[in-house]
Amino acid sequence: MFSVLQANNVSVGMERDFYDYLSRLLPGLEVGDMIGDEVFDADVVMSIGGDGTFLRTAAKIGARQVPIVGINTGHLGYLSEVAASDFDLLFAEIEKGEYKIEERTLLEVETDAEVVLPNRFALNEVAIQKNASASMLRMETTVNGNVLGDYLGDGVIVATPTGSTAYNLSVGGPILHPVSGCFAISPIAAHSLTMRPLVLSDNSVIEITTVSNRSQTFRVAIDGVSVSFPIGSRICLKKAGHTVRLLQRRDHNFACALRNKLMWGADSR
């Protein structure tokens, strides 16, 4: 991978901790800039790892709109879809301009709680969850100022189309096309059979206020990074003003990803 970049005189900057790790495996590895917490310039950002690495990369890029390509060295690789063995093909396509950019919606998180959020934007989902030892939560939910209802259970997930195949799917939520312009609300271990997953327009503003008689706190996980909140806090979720730009190979399509990554329609008989 790096030999291809070096052979084509590509200027490479690398995250400092990743360089320290790779340089032990690849003696003589040379890169240009070391990237820390400071703002950096790039034409394309490569996320090398699994989907968790991609989520962290997207958070670091923020609103700068630099295209991200995911190189998969993990397991599922739904976001990091390009196999490391195909990198030379990917690079040739990028050089020729034979690739596509897909804009992925983010959820923006606002709250009235005095809590420091590690990140206000979620590419996959925002999960509101009870603490491990707590009883069920009551989550009073409104959409665009109108009462939707009270979710009773272990929590609720609000997922983007990108995140619909992640935590949302594991609790029985719907799969959404990545650019469908929707959000999904899916309860976690609902205490009522009338509470089912729901699909809303991504122009919706969703507000959730927690209530509990037996717990003082609950947790909010933004793309898996969890923070404790006091019971009674209001969480407001809406579409962010910027997107994540996902660089994909020219032959990528949603149906193929479902078949290859989720074994969609596979018959084991």
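**A loop residue and the aromatic pairs**

Modeller: The residue is Asn131, found in the loop that runs between strand 8 (125-130) and strand 9 (137-143). Keep in mind throughout that this is a predicted model.

Asn131 has a relative accessibility of 15%. The cut-off for buried is under 20%, so Asn131 counts as buried. Its side chain makes a polar contact of 2.4 Å with the side chain of Thr217. Leaving aside residues up to four places away in sequence, Asn131 touches Ser215, Thr217, Phe218 and Arg219.

A pair of aromatic rings is described by two values, the distance of the centres and the angle of the planes. The structure holds two aromatic pairs. One of them is Phe87 with Phe91, a tilted pair with 6.4 Å from centre to centre and 35 degrees between the planes. Both residues belong to helix 4 (residues 87-96), and because they are four residues apart there, about one helical turn separates them. Phe87 is buried, at 3% relative accessibility. Phe91 is buried as well, at 11%.

The pair that includes Phe218 has Phe229 as its partner: the ring centres are 5.7 Å apart and the planes meet at 35 degrees, so this pair is tilted too. Phe218 lies in strand 15 (residues 217-222) and Phe229 in strand 16 (residues 225-230), so the pair ties together parts that are eleven residues apart in sequence. Both Phe218 and Phe229 are buried.

Back to helix 4, for the setting of the pair there. Its buried residues include Phe87, Leu90, Phe91 and Glu93. Viewed down the helix axis, the buried residues fall within an arc of 160 degrees, so they line one face of helix 4. On the face of helix 4 turned away from the buried side are the exposed residues Glu95 and Lys96. Among the elements that cover the buried residues of helix 4 are helix 1 (2-7), strand 3 (45-49), strand 6 (99-111) and strand 17 (234-249). Just past the end of helix 4, Gly97 has a positive phi of about 75 degrees.

One more ring deserves a mention. The charged end of Arg64 sits over the ring of Phe40, 4.7 Å from the ring centre.

Technical notes
Residues numbered from 1 in each chain as written. Predicted model: local features only at pLDDT ≥ 70, side-chain atom pairs only at ≥ 80, totals over all residues. Heavy atoms only, no water. Phe/Tyr/Trp six-rings, centres within 6.5 Å; stacked < 30°, edge-to-face > 60°. Helix = DSSP H or I, 4+ residues; strand = E, 2+ residues; numbered from the N terminus. Buried < 20%, exposed > 50% of the residue type's maximum accessible area, 1.4 Å probe, protein only. Lys NZ or Arg CZ within 6 Å of the ring centre and 35° of its normal. Arc of directions from axis to C-beta. Contact = heavy atoms within 4.5 Å. Polar contact = N/O pair within 3.5 Å; in protein donor to acceptor, adjacent residues only side chain to side chain.
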